[in-house]
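Open the model in your viewer and keep the selection tool ready. We will go stop by stop.

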Amino acid sequence: MTSPRPLQAAAALLLSAALAACSSSGTPSTSSSSTSTPSNVATSPAQSSAAAASPAQTSPAQSTTPVASPAQSSTGALQVTIKNFAFSPATLTVGPGQQVTVMNQDTVAHTLTASDKSFDTGPIQPGASATFTTPQQTGDHPYICTIHPFMHGTLTVG
């Protein structure tokens with residue numbers, strides 16, 4: 001029969017190592033990382049060490065800047081993003097005569113072209129953007145990418 005003493009000794013050794021790492025003296029423990037977090041900065045497990053070293057950063061819950069919807073940029077401008085061969089948002093409601101910026105975040109060129117040709121960005125290269133003016137006529141205006149016709153969306157002018 002095997003004696004439980006080797007297992008108890010291993011458990012005691014692990015417990016001792018864990019307790020030694022948790023110092024109650026108030027001094028921060030060191031790690032192999034080259035950055036350390038000041039004791040007055042609260043960090044969450046999701047923060048990286050680089051983010052933790054920058055006390056000027058705030059978490060999203062502390063931010064006072066309103067978060068823009070996918071159809072609105074941080075400046076309040078209307079925006080459609082092309083990514084992964086899709087328009088986002090696929091349906092956008094706008095007023096007549098408004099400016100809409102189309103951002104191509106894909107790896108190939110795309111267009112945003114009304115089915116009735118009332119607006120057309122022309123080809124937008126990867127990483128580039130184009131702006132168009134929405135029609136004065138109210139109602140739904142379906143659009144596609146003329147390069148990739150399976151991509152479609154709707155502009156609703158209200």
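**Stop 1**

Select Phe 85, in the loop between strand 1 (78–83) and strand 2. Strands here are DSSP runs of E with at least two residues, and helices are runs of H or I with at least four residues, all numbered from the N terminus. This is a predicted model, in which local features need pLDDT of at least 70, side-chain atom pairs count only at pLDDT 80 or more, and totals for chains, interfaces and linings use all residues. Residues are numbered from 1 along each chain as its sequence is written, and side-chain values use heavy atoms, with hydrogens and water left out.

Look at the backbone of Phe 85. Its phi is positive, near 60°, and the residue is not a glycine. Most residues other than glycine have a negative phi. Phe 85 counts as partly exposed, at 33% relative accessibility. The cut-offs are under 20% relative accessible area for buried, over 50% for exposed, and partly exposed in between, with a 1.4 Å probe and protein chains only.

Next, select Lys 117. It sits in the loop between strand 5 (113–114) and strand 6 (129–133). Lys 117 also is not a glycine, and its phi is positive, about 65°. Is Lys 117 buried or exposed? Lys 117 is exposed, because its relative accessible area is 59%.

**Stop 1: a cis bond**

Move to Ser 88 and Pro 89. The peptide bond joining them is cis, with omega about 0°. Most peptide bonds are trans. Pro 89 belongs to the loop between strand 2 (86–88) and strand 3 (91–94).

**Stop 2: the sheets**

Show the strands. Two strands pair if DSSP finds at least two bridges between them.

Zoom in on strand 1 and strand 2. They pair in the antiparallel sense over 3 bridges. Thr 81 stands opposite Ser 88 in strand 2.

Now find the other open sheet of 4 strands, with the order 3-8-7-5 and mixed pairing. Its edge strands are strand 3 and strand 5. Strand 5 and strand 7 are antiparallel, over 2 bridges. Select Thr 113: its bridge partner in strand 7 is Ile 144.

**Stop 3: Phe 87 and its rings**

Select Phe 87 and Tyr 143. Both are buried. The structure holds 4 aromatic pairs (rings of Phe, Tyr and Trp, its six-membered ring, with centres within 6.5 Å; planes under 30 degrees apart are stacked, over 60 edge-to-face, the rest tilted). The ring centres of Phe 87 and Tyr 143 are 4.9 Å apart and the planes meet at 85°, so this pair is edge-to-face. The two residues are 56 residues apart, in strand 2 and strand 7 (residues 139–144).

Finally, show contacts of Phe 87 (heavy atoms within 4.5 Å). Residues it touches include Val 80, Leu 112 and Met 151.

Notes
Lists of a residue's contacts leave out its neighbours within four places in sequence.
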